[in-house]
Amino acid sequence: MDLSALSEAVIQGNIEKAKELTQQAVDAGEDPQILLDQGLIMAMDTVGENFAKGLLFVPQMLRSAKTMQECLAILQPHFQAGSVTSKGKIVLGTVKGDLHDIGKNLVAMMLEGAGFTVVDLGVDVAPEAFVKAVSEEHPNIVGMSALLSTTMPSMADTVRALSEAGLREAVQIMIGGAPVTAQYAEEIGADRYAPDAGSAVIKAKKLVASA
Ligand code: B1M
């Protein structure tokens, strides 16, 4: 299926058109993963490139983000595996100072679909809030997302805060987000880096199994 019309609708921030095309594609039996990767995520990459080139501005970026979120809501039921027993618990959030949540929400959606219990702390999550959630929720994994190079250091602050609270050994830490790398994960003492939502699920399963 040609997904260029869907991508274009997301780039234009045309919510109604994008929803209609997503629904049509789902009804026609298109693989939700292909819709996601080749229709929606590729569109957001173009939006990011256009923003970086000064071809569009924050309000348009916001509109495209809203469009993507509405399309994701249509895809969400198709990623739910309906697992009964929890595979483990993950406390997840976008780090302090960072408001990007589409990738984090996608990671949450995929993990839930794979049977994990997800405690989503939202965006702009301070290290202390991660520490509080870990002491209250006793998760297997702490997941942090950052989309800005300026907010990545908050991941290191959170690892440090967990150590200072005596909770570092009680959890596995996974990080991700566009500017994040495996090397950065190693540098700050996180256990795993995942480049996308699919690998986040695979790595979460391995982390729980190895704990
Ligand atoms: Co912003 N933004 N943004 N933005 N934005 C980027 C990130 C940017 C790369 C655009 C650009 O310049 N090319 C740039 C960052 C540059 C940098 O630091 N390296 C940028 C900037 C500069 C900014 C502002 C500073 C702009 C301004 O105000 N001047 C501002 C900052 C606000 C803040 O956070 N304090 C800002 C604001 C915004 C909006 C609010 C308008 C909006 C976000 C809306 C929302 O999220 N609700 C927005 C958007 C939409 C983007 C782009 C266009 C798209 C992000 C996105 O949703 N991608 C983005 C450009 C880009 O990334 N191509 C950009 C789709 C999403 C599915 O991918 O989030 O990467 P992603 O998630 C992936 C993986 O990274 C991974 O899995 C996901 C799915 O496969 N992953 C994990 C993510 N988290 C993970 C966690 C894991 C594992 C994997 O484990 C726990």
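This is a predicted model: local features need pLDDT of at least 70, side-chain atom pairs count only at pLDDT 80 or more; totals for chains, interfaces and linings use all residues.
Q: Let's start with β3. Is that strand mostly covered or mostly open?
A: Mostly covered: β3 spans residues 141-145, and five of its five residues are buried.

Q: And which residues sit on which side of β3?
A: I141, G143 and S145 are on one side, while V142 and M144 are on the other. Both faces are covered.

Q: Okay, what does β3 pair with, β1 for instance, parallel or antiparallel?
A: With β1, residues 89-94, the pairing is parallel and runs over five bridges. To place that on the residues, I90 stands opposite I141 of β3.

Q: How many bridges join β3 to β4?
A: Five bridges there, and β3 and β4 (residues 172-176) run parallel. S145 has G176 in β4 as its bridge partner.

Q: Switching to T94. Where is that one?
A: T94 lies in strand β1.

Q: Buried or exposed?
A: T94 is buried, because its relative accessible area is 0% and the cut-off for buried is under 20%.

Q: What does the T94 side chain reach at 3.0 Å?
A: The backbone oxygen of H100.

Q: Which other residues does T94 touch?
A: Leaving aside residues up to four places away in sequence, the contacts of T94 include D101, K104, G122, V123, D124, V125 and S145, as well as H100. S145 is one of the buried residues of β3.

Q: H100 again! Where is H100, and what does H100 do at the cobalt atom of the ligand?
A: H100 lies in the loop between β1 and α5, the latter being 102-113. Its NE2 is the only protein donor of the cobalt atom, at 2.2 Å.

Q: How accessible is D124?
A: D124 is partly exposed, with a relative accessible area of 42%.

Q: And what about phi of H138?
A: The phi of H138 is positive too, about 50 degrees, although H138 is not a glycine. H138 lies in the loop between α6 and β3.

Q: Why does H138 count as exposed?
A: Because its relative accessibility is 62%, and exposed means over 50%.

Key
Residues are numbered from 1 along each chain as its sequence is written. Side-chain values use heavy atoms; hydrogens and water are left out. Buried means under 20% relative accessible area, exposed over 50%, partly exposed in between (1.4 Å probe, protein chains only). Helices (H or I, at least four residues) and strands (E, at least two) are DSSP runs, numbered from the N terminus. Two strands pair if DSSP finds at least two bridges between them. A polar contact is a pair of N or O atoms within 3.5 Å; within protein, one must be able to donate a hydrogen and the other to accept it, and residues adjacent in sequence count only if both atoms are side-chain atoms. Contact means heavy atoms within 4.5 Å. Donors are N, O and S atoms within 2.8 Å of the metal (3.2 Å for Na, K and Ca); water is not among the atoms, so sites may look incomplete.
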